[in-house]
Amino acid sequence: MKDNFSHQSANYANYRPQYPKAIFDEIKKHLNGTENAWDCATGNGQVAKELSKFFDDIKATDISENQLKQAPKLSNISYSIQPAENVDFPDQFFDLISVAQAIHWFDFDRFYAEVKRTLKPDGILAILGYSLFRSNPETNKIIDHFYYNVIGPYWDEERKYLDDAYTSIAFPFKEIVTPKVNFREEWEFERLIGYLKTWSAVKHFSDKNGFNPVDDIYDDLKESFGDQNSIEFPIIFRIGKLF
């Protein structure tokens, strides 16, 4: 698994979008127990924090120590540095395994083997993510050109899985139909800029070219977006159970 985010873990925690309450309400509907959850590739712990509101105990793992340093310290969350494909948890232990904005980095076969080993027979796997955001038409035009043409060649190959909303990822589980959910929020302009600077392709571009490409679109974005505007993320949401 690649680690593209340790270098700016604080910015990742500050600027990345949250998952809406509707996601967790839907997860609750399909749970058969709330004893143990595993939030895999937890990053800054944003999903683990939400799960802690209704689970007795959460095991939250990541390969990035810097990311885990940004995570909330709560009594029912235990953090550990472990790769998704090889964890030390017991067999048939978890009521829920969640992965948010990360499964595209995994070795799918090895991760799914760990899911099938550690998930309870009636447990569920929840895969979350979000696609390219939308705003007003002029902002969308600028972002689309930036995303596809300016930094497009600098995205890791795995980004394609997010672009197709995880539909091309193998999912060897009994899938449960989930509702369509969007995250919509008012953002200040500086948060938008901060979020764009967390993109891994921006980092790759900067490393190769010696400057941050976000700076080149700053003025145009400022004019189109204004001091504050709406942002909407299409949420990727898949739930599965063991066959």
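Reader: Asp 219: buried or exposed?
Author: Asp 219 counts as exposed, because its relative accessibility is 59%. Buried means under 20% relative accessible area, exposed over 50%, partly exposed in between (1.4 Å probe, protein chains only).

Reader: What kind of model is this?
Author: A predicted one: local features need pLDDT of at least 70, side-chain atom pairs pLDDT 80 or more, while totals for chains, interfaces and linings use all residues. Residues are numbered from 1 along each chain as its sequence is written, and side-chain values use heavy atoms, without hydrogens or water.

Reader: Where does Asp 219 sit?
Author: In helix α10. Helices (H or I, at least four residues) and strands (E, at least two) are DSSP runs, numbered from the N terminus.

Reader: New topic. How many salt bridges?
Author: The count is 17. Each has a side-chain nitrogen of Lys or Arg within 4 Å of a carboxyl oxygen of Asp or Glu.

Reader: Which residue does Lys 29 pair with?
Author: Glu 26, at 3.2 Å from N to O. Both lie in helix α2 (residues 21-29), 3 residues apart, about one turn. Lys 29 is exposed at 60%. Glu 26 is buried at 9%.

Reader: What about Asp 227?
Author: Asp 227 bridges to Lys 222, closest N and O atoms 2.6 Å apart. Asp 227 is exposed at 59%, and Lys 222 partly exposed at 31%.

Reader: Which residues do shared partners join into one network?
Author: Glu 35, Asp 95 and Lys 120, through their salt bridges.
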